[in-house]
Amino acid sequence: MKMKDLPLISVVIPTLNSEKILEMCLESIANQDYPKDKIEIIIADGGSVDGTIDIAKKYTNKIFSNPRKTGEAGKAVGVKRAKGEIVALIDSDNILPTKDWFRRMVKPFEDKEIVGSEPLYYTYREEDGYITRYCALVGMSDPICLFTGNYDRYCLLTGRWTDLNIKQEDKGNYLKIELNEKEIPTIGANGFLIRKELLEKCSIGDYLFDVDIIYELVRQGYNKFAKVKIGVVHIFSGSISTFIKKQKRRIKDYYYYKQLGLRKYPWSSVSKGKLLKFIGYTMATLPLLVQAIRGYTKKPDKAWFFHLPACWITLVVYTLGTIQSHLFGTKLEDRKEWKAI
């Protein structure tokens with residue numbers, strides 16, 4: 001595709017106290033070899049009290065308030081103001097690892113059937129913290145997905161980008177995949193590009209939930225996506241305490257929005273047997289150690305051994321969150337003191 005024919009990309013970035021990482025994200029966008037006049041950066045800020053806004057102003061004047069504070073609400077705020085043919089959902093903790101990232105990510109859209117594109121990998125960098133390296137190695141930020149099989153990035157442990165039964169065709173630069181509504185991987189975040197005209201066919205209110213959008217589109221028959229053979233950096237967590245906090249937020253947010261009737265994808269359809277396998281492996285611990293050792297033999301890195309605490313933390317936090325939700329209901333996780341990492 002010639003430079004003059006490249007589509008306008010609206011980059012939507014939700015932020016909340018992201019000063020530690022936002023500049024790296026925005027600089028990686030500014031350094032793209034994509035026409036500058038064809039990149040629109042939209043910041044949806046949840047009320048940052050650090051230097052987030054000052055950093056954002058260096059790169060864009062399109063900064064909007066997100067009074068509901070959450071990332072899902074920020075995406076909804078940003079998408080509604082996007083003018084581009086393509087919307088790129090980039091999180092503040094994402095870094096585009098190569099200068100040709102946008103050009104390679106929009107290439108699949110030459111195929112009119114393609115709804116959206118997403119990187120095949122999480123980029124592994126030795127200089128990142130051990131939790132970020134672990135997530136890059138396993139291809140997911142939630143270890144339970146390793147057992148449910150609905151992860152969406154290449155996992156060095158399994159040698160696959162998902163365990164779901166998904167039709168795919170190798171197109172050279174990318175995999176053209178065909179989704180069905182019964183088996184949808186957790187795609188839609190951390191560097192996801194989508195046609196704006198199709199996004200507008202979805203019921204986006206005050207929140208945009210990634211996998212729910214995909215579910216809606218697939219049910220409407222828009223089921224072809226591209227997994228581009230490129231990575232994206234996802235700086236997930238700097239410490240165990242931050243990891244615990246993010247897992248608590250994940251489970252509380254899910255049940256909160258579910259009780260409001262805002263979630264669409266039927267997560268209850270996830271195999272109970274696979275969930276029991278996760279519980280069994282975690283409680284026994286030894287199977288987790290075997291997985292970590294197997295991963296280490298493929299890519300020597302001590303970060304693999306975070307697999308054990310990651311699974312235990314997830315099991316405990318999700319169990320307590322589920323019990324609390326069923327007995328007392330769930331309140332939205334407080335974002336007042338939230339920091340991106």
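Tyrosine 215 and tyrosine 265 are both buried (under 20% relative accessible area with a 1.4 Å probe, protein chains only; over 50% is exposed, in between partly exposed). The model is predicted, with local features requiring pLDDT of at least 70 and side-chain atom pairs pLDDT 80 or more, while totals for chains, interfaces and linings use all residues. Residues are numbered from 1 along each chain as its sequence is written, and side-chain values use heavy atoms, without hydrogens or water.

The whole structure holds 17 aromatic pairs. Rings of Phe, Tyr and Trp (its six-membered ring) pair if their centres lie within 6.5 Å; planes under 30 degrees apart are stacked, over 60 edge-to-face, the rest tilted. Tyrosine 215 and tyrosine 265 pair edge-to-face, at 5.4 Å between centres and 85 degrees between planes. This pair links distant parts of the chain, 50 residues apart. Phenylalanine 236 and phenylalanine 243 have ring centres 5.9 Å apart and planes at 70 degrees, so this pair is edge-to-face. Phenylalanine 236 is buried at 3% relative accessibility, and phenylalanine 243 at 0%. Ring pairs join Tyr130, Tyr134, Phe236, Phe243 and Phe306 in a cluster.

Helices H10 (residues 272-284) and H11 (residues 286-298) have axes that come within 5 Å and cross at roughly 90 degrees. Helices are DSSP runs (H or I, at least four residues), numbered from the N terminus. Axes are lines fitted to C-alpha atoms over the stretch in contact, with angles from 0 to 180 degrees between N-to-C directions. Contact means heavy atoms within 4.5 Å. Tyr281, Thr282 and Ala284 of H10 meet Leu286, Pro287, Leu288 and Gln291 of H11.

Notes. Helices (H or I, at least four residues) and strands (E, at least two) are DSSP runs, numbered from the N terminus.
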